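I opened a notebook for this structure. These are my entries, in the order in which I looked things up.

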Protein chains: 2
Amino acid sequence: MASDLEEPFHTRLRTATVHAVFLENIETFITQLNSINHINLFVTELKEEDTSCTMYPRPEGSPSQTPSVSGQKKVDVVCDALRKAMESMNPNKFCLSILTAYVKKTVPELEVALQKVHELRENPPAAAGAVSAEEALKYLLFLVNVNDLYEHSLGTYDFDLVLMVAEKSQKDPKEYLPFLNMLKSLEPNYQRYTIDKHLKRYRKALVHLSKSGEEHFTEVLQLVKEQKLFSEALKLYTTDSPQYKRLSSAYAEHLVEQQQAEQAGLLLWRCGLPARALQAFTSCSSWRNAICVAQQIPLPTDQLALLARDLAERLTEQRRYSEAALLLDQYAKDCEEAILALITGAVWEEALRLIYMHNRQDITETNLKPALLEAVNSQTGFLEAQVATFTRHRSRLAVVREQKEKARLDMLDEEGPDCPDAELYSEASSVMTASKYSQSNSRISSRSSKNRRKAERKKLSLKEGSPMEDRALMHALSEIISTVDKMREEIHSLLKSLVLFQFDKQAEKLQLVYEEALQTMEGAVPEVWPEALLNSNTPVTGPNSTANSIMASFQQQQQQKPAASQLDPEIPTAPKMKNGVKWKLTILK
Amino acid sequence: MASDLEEPFHTRLRTATVHAVFLENIETFITQLNSINHINLFVTELKEEDTSCTMYPRPEGSPSQTPSVSGQKKVDVVCDALRKAMESMNPNKFCLSILTAYVKKTVPELEVALQKVHELRENPPAAAGAVSAEEALKYLLFLVNVNDLYEHSLGTYDFDLVLMVAEKSQKDPKEYLPFLNMLKSLEPNYQRYTIDKHLKRYRKALVHLSKSGEEHFTEVLQLVKEQKLFSEALKLYTTDSPQYKRLSSAYAEHLVEQQQAEQAGLLLWRCGLPARALQAFTSCSSWRNAICVAQQIPLPTDQLALLARDLAERLTEQRRYSEAALLLDQYAKDCEEAILALITGAVWEEALRLIYMHNRQDITETNLKPALLEAVNSQTGFLEAQVATFTRHRSRLAVVREQKEKARLDMLDEEGPDCPDAELYSEASSVMTASKYSQSNSRISSRSSKNRRKAERKKLSLKEGSPMEDRALMHALSEIISTVDKMREEIHSLLKSLVLFQFDKQAEKLQLVYEEALQTMEGAVPEVWPEALLNSNTPVTGPNSTANSIMASFQQQQQQKPAASQLDPEIPTAPKMKNGVKWKLTILK
């Protein structure tokens, strides 16, 4: 049992284990190589791939390796480990290898390498054979492009270092000296900002600029807007400072442009710009926030009422009737409009609540009851139409499938009974026909799989004889089932209100129509999605199954199951019906 | 093309077509048989099966027949058609066959048959060779049990007919005469009610009893309760009658016992029993109805407030905090409690709305902000725990799968390379082990498939080495994904409130933790559910596929796809993540 367990662990952790062994014995490795050149060569040849996999591929089916166990890259781990070992063993002797280890990291640490060179020049090592600053710099220039090195030396803000590199380069002193002199004349933070900006290190530039005095704040704002460093900038100022407010305001403007008005509103509100926050919240129907801000301002009652009406209108357009009603009732103080909104939205119980709350039972007679009767009619009609379409599609699907089956059998006859691919043709025929129609779309495969699915769905046509008609029908049937199934809560609520007002006959009719619709659809699922039936009704494994019974049903399924389901992920699946939702009233028979 | 279409239509409609041809030529059929006896034999031998299917089975795979096209049973359709034809051809000649056609319907129409006999006695036909009432009754007694016939003769409420049948039977006149005399003495409706009740025809009994005068209403109520004929009874009285009210009240009592308190409340409310309706609505937390009834009564303000508090408490227990808050705010007039309920329920925006509405900004400091900070901590902790469990299960799943794979390969080695069932053992081995543990559950298969699934899920144990451990792990992983995925809206709302109150650091941390959790889970799906990956990433059909490419990938999939997915419907499926729900704030980095 122990060896059973060992093997997979070992396989899975192979890379990690190799690393660990290497890292533990790194000093031995360095000592054994015994050559600066060889170490340099080893480091420069490091690659971010697991050669234990790429050079010695493992058998197919083994679990794939994650590229890194710790989250760090292999090259960086090895570089850092080697460098640290060499620094502790003999920094002078391994000087060039140490520089190599800095430069070869996935993000080269050129500044640190340059700093080392600078130190060599400041404090030349006394040891015999130690590398001089000159030699080290020459070596770096051999590894790294001179312009890169010059830029990075600027990034250390150390002008001695910059000059050292510049002198070694082919650069014209007439070019770089004026620039360096200009920099030297600047206030330290502003100097660093100028360098950072020159090096396109905008985040660092922002930090230095923010420290360089209030007189530069316009430049801060400019930089933040240009480089979209809003979040970063906000962190550099206290929340009660005027800069924080101006930055928030600029950020909010940007967010509104990005269709993020609600977040813009939050920023404006919290930094003390309620009027603009109100505008932002209103524009995106973030009505609770809008109302809160309005009351904080505070807006006069009549203007608050207007705001509430404006928001209610937006919400009504989005069919958010309950929220619209709340605004009309509580802030516009117009209970009648509120009740009408609820009736329009078929939120019957809440409508009745407001009717009783405001003692407006007259609206029950004038609006609620007529609306209930209208709703029961339209729902009944809608359901009958859905059932009719459903039945038509279902019959047509049976016809299309028989035609396909016949075509398949005909092909089987032609090919002779031994043709092993006969099973395939049933599906392939439809697909081949389809490809004929879609040659112009051959670039479709480069799109994302989501887009492809969308595009494929578009190709589905319900037109009789269309190449994928069966799938289009299945898709349409599935949509109808979902639509009708989703109505459970809505129907339940309507039935209750109908009963309350003694509209028992209408309620009974609706209950009957809806029940029949659900039964029709549920009953059709096994025919429309035969695999679903197979899976749910004939489980092959279970407490009573034996190895033989399992094998038998496996072989049987292999024969019965249409090839289609294995071939194509795009076959619409059977919708899951929410049979857990109890919608029927027992008092209606 | 025309013949292509004809065949399937013909096949599908075979039964219907046969029926139609038969029904159109029914007189010819009767004329050709030319024998009362043969007709009687034909009718008595009719069976409710489609012999065109059962005697001549169609090839497997043809669409199955629905038992009836019109919804009516075949036997009834044929009986009625024959009878009508004979009645129009020669009712005297075919008298016995006509009786047979009544008696042989799936629900025998014995009363009508008896009525025919009665008519023969009242108006003996003049035609030569016509059947006498005597002969007809004898024939009926030959077809039907005498007691059945006696009971049904009672059901005609025709005492002459009853006596005629009784005389033909072996019954003792001392037995039946007193009973018949007693019946004759009763008021007509009450008489019919007594007969109906004797025959256990309770619906008819109810109708007759309800017509027999108000003095019998206690009996109506008794009958309705005993036979649970509430809905039927309500239809027999006008909605404003005292009987309607008493029936509604009895029905409501019954409904409350059946855990249908809301429907009970509706009945009580609409028939003018608001106090009891209020009780019913309150008991099932149907708070809107409860409040409306209370205001209709009308309850005094202080009692309404108490009711609102009672309802709010019930709703809080059900974690329906928003509704509880509405009651506390609008009916108990306790905005502080309302705001606290919303804060407890993490309904941040609504809490803030009430804070501003009631000018209670003090609660922001004392309760809202501390609750936000507590929420961010608990959510972060919860997410970290979920991710930890997820990662542990995922690693363990990889180990279990490798062990299984190794066991499979070992078995393959033992059986030799030609063993065709090797693929199967990988799954079968786990199932066989499972069946060893579940022999005591062998009666499980008689349960519904839903119960079985539940039972199977219970058997899944996460204990290391448990026979279905891999599935238990997949199930647990799926649950964690669903739980975490469901939190999108909740996290979004919390993040917004945190930002509003300048808790940016905490919000950033939460956003990071949640994003990492979602990424971890989404990233694990292809590994945990490899089939899902296969289906979504390597579509084999598409605009660029050819018949050859489809066949190639089909064969490849046959080899690659683990046998498990075809064998067992109970393998937990990959949860669908709601990536459409945008929860992240762009202002947090």
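I start with burial: buried means under 20% relative accessible area, exposed means over 50%, and partly exposed lies in between, with a 1.4 Å probe and protein chains only.

Ground rules next. I am reading a predicted model, where local features need pLDDT of at least 70, side-chain atom pairs count only at pLDDT 80 or more, and totals for chains, interfaces and linings use all residues. Residues are numbered from 1 along each chain as its sequence is written, chains are lettered from A and ligands numbered from 1 in the order in which they are written, and side-chain values use heavy atoms, with hydrogens and water left out.

**Entry: aromatic rings**

I looked up ring pairs. Rings of Phe, Tyr and Trp (its six-membered ring) pair if their centres lie within 6.5 Å; planes under 30 degrees apart count as stacked, over 60 as edge-to-face and the rest as tilted. The count by this rule is 22 aromatic pairs over all chains. I picked B:Tyr514 and B:Trp583. Their ring centres are 4.6 Å apart and their planes stand at 75°, so I noted the pair as edge-to-face. The pair links distant parts of the chain, 69 residues apart. B:Tyr514 belongs to helix H30 (residues 504-528) of chain B, and B:Trp583 to the segment after helix H33 (563-567) of chain B. Helices (H or I, at least four residues) and strands (E, at least two) are DSSP runs, numbered from the N terminus. Are B:Tyr514 and B:Trp583 buried or exposed? I found B:Tyr514 buried, and B:Trp583 too.

In chain A, ring pairs join A:Phe22, A:Phe29 and A:Phe42 into a cluster.

**Entry: charges over rings**

A charge sits over a ring if NZ of Lys or CZ of Arg is within 6 Å of the ring centre and within 35 degrees of the ring normal. A:Lys171 has its charged end over the ring of A:Tyr150, 4.6 Å from the centre.

**Entry: chain A overall**

I counted secondary structure: chain A has 33 helices and 0 strands. Its residues number 589, and 46% of them count as buried. Contact means heavy atoms within 4.5 Å. Of the chain A contacts between residues at least 6 apart in sequence, 61% join residues at least 24 apart.

Axes are lines fitted to C-alpha atoms, for helices over the stretch in contact, and angles run from 0 to 180 degrees between N-to-C directions. Angles under 35 degrees count as roughly parallel, over 145 as roughly antiparallel, 65 to 115 as roughly perpendicular and the rest as oblique.

I took helix H11 (residues 159-168) and helix H12 (residues 173-184) of chain A. Their axes come within 12 Å and cross at roughly 175°. H11(A) and H12(A) are therefore roughly antiparallel. H11(A) brings A:Phe159, A:Val162, A:Leu163, A:Ala166 and A:Glu167 to the contact, and H12(A) brings A:Tyr176, A:Leu177, A:Leu180, A:Leu183 and A:Lys184. I sorted this contact into 8 nonpolar, no polar and 2 charged residues. Ala, Val, Leu, Ile, Met, Phe, Trp, Tyr, Cys and Pro count as nonpolar, Asp, Glu, Lys and Arg as charged, and the others, Gly among them, as polar.

Then I took helix H4 (residues 36-44) and helix H7 (residues 95-103) of chain A. Their axes come within 9 Å and cross at roughly 5°. That makes H4(A) roughly parallel to H7(A). A:Ile36, A:Ile39, A:Asn40, A:Val43 and A:Thr44 in H4(A) meet A:Leu96, A:Ser97, A:Thr100 and A:Ala101 in H7(A). This contact holds 5 nonpolar, 4 polar and no charged residues.

**Entry: a buried charge**

I looked up B:Asp80 in helix H6 (residues 74-89) of chain B. B:Asp80 is buried, at a relative accessible area of 12%. Leaving out residues up to four places away in sequence, B:Asp80 touches B:Gln72 and B:Lys105.

**Entry: backbone**

Most residues other than glycine have a negative phi, and most peptide bonds are trans. I found the bond from A:Ile297 to A:Pro298 cis, with omega near -15°. In chain B, the bond from B:Ile297 to B:Pro298 is cis, with omega near -10°.

B:Gln259 is not a glycine, yet its phi is positive, about 60°. B:Gln259 counts as exposed at 70% relative accessibility. B:Ser285 has a positive phi of about 55°. B:Ser285 counts as buried at 7% relative accessibility.
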